[in-house]
Amino acid sequence: MKRVGQLMPSIIAANNMRLAFVKTVRGKRDTRCVVEFEKNLDENLQCLAEEIRACNRIWGPYYHFTIFDPKKREIKVAPLGDRVAHHALMNVCEPSFERYQIFDSYASRKGKGQFAALERAKVFSRRNAWFLKLDVRKYFDSISHEVLKKHILLRFKDVFVIENFDKIIDSYEANPNIRCGVPIGSLTSQFFANHYLAVMDHFVKEHLKIGCYVRYMDDFVLWNDNLGVLKRAAGALKDFVRGELRLSLKTPIFNRCSQGMTFLGFRVFPDKLVLSHRSRYRFRRKLRMMTEHFKSGTWNELTYSRHLETLFAFVRHAHSEGFRRRAMQEVGIDPQELEPCESGRELEQQRQELPVCESEQQRPVEPEQQPWHPHLPSFALDGEVCAKQDEFLPCYAR
């Protein structure tokens, strides 16, 4: 695949820097760091763009905190300037990563998502008798910096982009003795991690010749009517990810499709989706906690309703009406009086999802790239400015 270059002019263009800031602060406009950054927005964005162009930005340090839902994870949050720079880079570089993805990769991609992956899995479960489910052990902390940089070199030839990506990768190490790991919670980490396993996707499709295959980040499933084919594929994949990607797989799971498969919080059957045991437990616990906040006066009715919308949007994809009603009755809610509608975010995801029957991936159209020299002026506004975003437009771009 042809490498792309001449990306830096688009990355540091004023309209792209402004768009990156808008994306970064969405829903966080009242935080202290955003207020401070916005006081001198023009100068800060221009300085940030110059650091990206010169490849001399010091990335990090990361703010750490731990979550325990659904399992223990350590989240690393980059400083505000880094997050704006991440968006600026990925606004332009995302199409290059996207072109290498296969159709049945569903994480961190526009028009895809968790529920599109589940629907595709349900289709493949109807067509085949057996499935093989695999998972990477401690995936984000096991990504090799050396291998990841090599894969990035195969996609890009702009030396400025490559150097910025290399420094972002080097800014975090899960193990000080081994140069590996990308931080969970960073925008660039999502694209790096998804691209890292795209090499395995092509191995499954082009070498193993497995047509029925779905991957959502480091969870992936293969289907076939012949159990022997899946057993040989499991051995080949184990050797491939250990040798080429320096990763290790968890114990493979084989079973008949008619028995159901736990995948992305659901049990996938050929004709339906039901909630997994863990998802049922989490739903009951969260519903009980939210109701206690509302009854104690900690939350008002509007806050309570918004949290319920998010909670119910997930379980509504499964055959769970009876379970939802029983869970609501347990906390003293009349199901006939309160059954939240689908959230706006969920409706938007459904609108963007591509039909699962599509056989070919839809490619984004890249804008025509112009020649660029590092010593020429960088801040020239390209294209029209959206009226809704004009309040964020720096003075040098107006």
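Visitor: Which residues line the second largest cavity?
Guide: This is a predicted model. In it, the lining is made up of Tyr62, Ile168, Ile169, Val182, Pro183, Ser186, Thr188, Ser189 and Phe192.

Visitor: How much space is in there?
Guide: About 40 Å³.

Visitor: And which elements supply at least two residues of that lining?
Guide: Helix H9 (159-170) and H10 each do. The largest share comes from H10, with three residues.

Visitor: What's the split by class for that lining?
Guide: Six nonpolar residues, three polar ones and no charged residues.

Visitor: OK, zooming out: how many cavities of 30 Å³ or more are there?
Guide: The count is two. The largest cavity holds about 80 Å³ of space.

Visitor: What lines the largest cavity, then?
Guide: Glu94, Phe97, Glu98, Gln101, Ser108, Arg109, Gln190, Phe191, Asn194 and His195. H5 and helix H10 (187-196) are the elements that give two or more residues to this lining. H10 gives the most, with four residues.

Visitor: And by class, what does the lining of the largest cavity have?
Guide: Two nonpolar, five polar and three charged residues.

Visitor: Which other residue has a positive phi without being a glycine?
Guide: Gln6 is one of them, with phi of about 55°. Gln6 is in the segment before helix H1 (8-11). Its relative accessible area is 35%, so Gln6 is partly exposed as well.

Visitor: Switching to peptide bonds. Where's a cis one?
Guide: Look at the bond joining Gly60 and Pro61, where omega is about 0°. Most peptide bonds are trans. Pro61 is in the loop between helix H4 (41-54) and strand S1 (63-67).

Visitor: New topic, the sheet. What's the strand order in the open sheet of four strands?
Guide: The order is S4-S5-S3-S6, and the pairing is antiparallel. Strand S4 (213-216) and strand S6 (253-256) are the edge strands, each pairing on one side only. From one strand to the next, the twist averages 15°.

Visitor: How many bridges hold the pairing of S4 and S5?
Guide: Four bridges, in the antiparallel sense, between S4 and strand S5 (residues 219-224).

Visitor: Which residue in S5 stands opposite Val214?
Guide: That would be Val221.

Visitor: And in general, what do strands of a sheet pair through?
Guide: Backbone hydrogen bonds, with the strands either parallel or antiparallel.

Visitor: Last one. Which strands does helix H12 lie across?
Guide: Strand S3 (130-135), S5 and S6. Helix H12 covers residues 227-243 and runs at about 145° to S5.

Methods
Residues numbered from 1 in each chain as written. Predicted model: local features only at pLDDT ≥ 70, side-chain atom pairs only at ≥ 80, totals over all residues. Heavy atoms only, no water. Buried < 20%, exposed > 50% of the residue type's maximum accessible area, 1.4 Å probe, protein only. Pairing = 2+ DSSP bridges. Axes fitted to C-alpha atoms, helices over the stretch in contact; angles between N-to-C directions. Contact = heavy atoms within 4.5 Å. 1 Å grid on protein atoms, 1.4 Å probe; cavity = no way out; pocket = protein on both sides within 12 Å on 5 of 7 lines; lining within 4 Å. Points joined across faces, edges and corners; volume = space filled by probe spheres on them. Nonpolar A, V, L, I, M, F, W, Y, C, P; charged D, E, K, R; others polar.
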